[in-house]
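Here is a short report on one protein chain. Keep the sequence and the coordinates open as you read.

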Amino acid sequence: MINNFFKKVRNLKILVIGDIILDEYIFGEVERVSPEAPVPVVKVLNKSYNLGGAANVALNIKKLGANVFLLGIVGNDFAGEIVIKKLKENGINTDFLINSYNWKTIIKTRVIARNQQMIRIDYEDNYKIEGKYLKEFFLKYEELKNICDGIIIQDYEKGLLSKENINKIIKNEKMIFVDPKFENFFFYKNVTIFKPNLREVERVLGKNLKNEEEKISAIKYIKNKIRCKNIIMTMGEEGMMGIDENNRVFKVPSNKVEVYDVTGAGDTVISLLSLSYLSGFDIISSAIFATIGAGIEVTKLGAVPIEKEELTREIKKHYNLFLNKIKWE
């Protein structure tokens, strides 16, 4: 099964659209508490950068063997230069990135000491793409949509995607896979797979979902409202709950691993859901692939893409076990 997956993936062309983020990691050690305030003093030892947001999804797609095109915007700044450099180092086409003097590349800085995250600092201005940059965005989109097999939309609500932009993107016959956020949540109509997480669903509905019955009711409501073909809600340690194209409700258990860092797990899930489904696997197999992939990702520090060898090993080991544990409602 997994060998067949990789064979089909090699022929896929995927367009990833979304907010591009640079993840910065500052590693240090803590030896004392500050005399100025009751906070630890971190002595910086080194610093590293990872691709984040839609750029990390593109990296996941590339690492798993598909052809990927990334459409988004970065600033003409130091962080934007690092993003472009890292994309090129990983063989990802950067011709369709928009580079703007009016845009600041989003940076998420995490300070790590004693093998744990001490604090996260976000640098963002939430600009809206407009004017000549918006025109350039859709010129590039029109070119790319005709050569790609499927589109992944990675929405972090950082200014690239608005109701109007989303409506223009999804009006085509391609398979579209969406990882949504709050503000644009209900704008993604008629997509192939819609993948919110539990926290996002609770926030847009304005209530806590206390039991399985309430969660099923919630995803049924969302599926009917946006008329998506499939919906999968990720629930962390509780696994995934979804509704397929025949309106059958199912639940996939989580992969019981020791969680080190959940950063990037959602990127891995949307990547594997999309690649599996486009390769001809049904939504259940796609969800199992994504669950196993996320189980690999959360054992790593930061948004680090999984490797083919890791996925192959874990799917051969766990796929049938997961298949036997699928719960139908």
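The hairpin of β11 and β12 has five residues between its strands, and G236 there takes a positive phi near 60°. Strands here are DSSP E runs of at least two residues and helices are H or I runs of at least four, both numbered from the N terminus. This is a predicted model, where local features need pLDDT of at least 70, side-chain atom pairs count only at pLDDT 80 or more, and totals for chains, interfaces and linings use all residues. Residues are numbered from 1 along each chain as its sequence is written, and side-chain values use heavy atoms, with hydrogens and water left out.

Strands count as paired if DSSP finds at least two bridges between them.

S100 sits in β5 (residues 97-100). Is S100 buried or exposed? It is buried, at 1% relative accessible area. Its side chain reaches the backbone nitrogen of N102 at 2.9 Å. That is a polar contact: a pair of N or O atoms within 3.5 Å, where within protein one must be able to donate a hydrogen and the other to accept it, and residues adjacent in sequence count only if both atoms are side-chain atoms. Leaving out residues up to four places away in sequence, S100 touches I73, V74, G75, N76 and Y133. Contact here means heavy atoms within 4.5 Å.

**Helix α2**

Helix α2 (residues 54-63) is largely enclosed by the rest of the structure, because eight of its 10 residues are buried. The buried ones are A54, A55, N56, V57, A58, L59, N60 and I61. Just after α2, G65 takes a positive phi of about 105°.

**The largest pocket**

The largest pocket has a volume of about 1,200 Å³. Of its 48 lining residues, N197, V262, G264, A265 and G266 are closest to its centre. A pocket is an open set of points on a 1 Å grid over the protein atoms alone, with protein on both sides within 12 Å along at least five of seven lines; lining residues have an atom within 4 Å of a point. Grid points are joined across faces, edges and corners, and the volume is the space filled by probe spheres set on them.

α8 gives the largest share of the lining, four residues. Other elements that each supply at least two include β2 (20-33), β3 (40-53) and α9 (283-297).

**An exposed loop residue**

K256 lies in the loop between β13 and α8. K256 counts as exposed, at 70% relative accessibility. Its C-alpha is 9.6 Å from that of I292, 36 residues apart along the chain.

Note on methods
Buried < 20%, exposed > 50% of the residue type's maximum accessible area, 1.4 Å probe, protein only. 1 Å grid on protein atoms, 1.4 Å probe; cavity = no way out; pocket = protein on both sides within 12 Å on 5 of 7 lines; lining within 4 Å.
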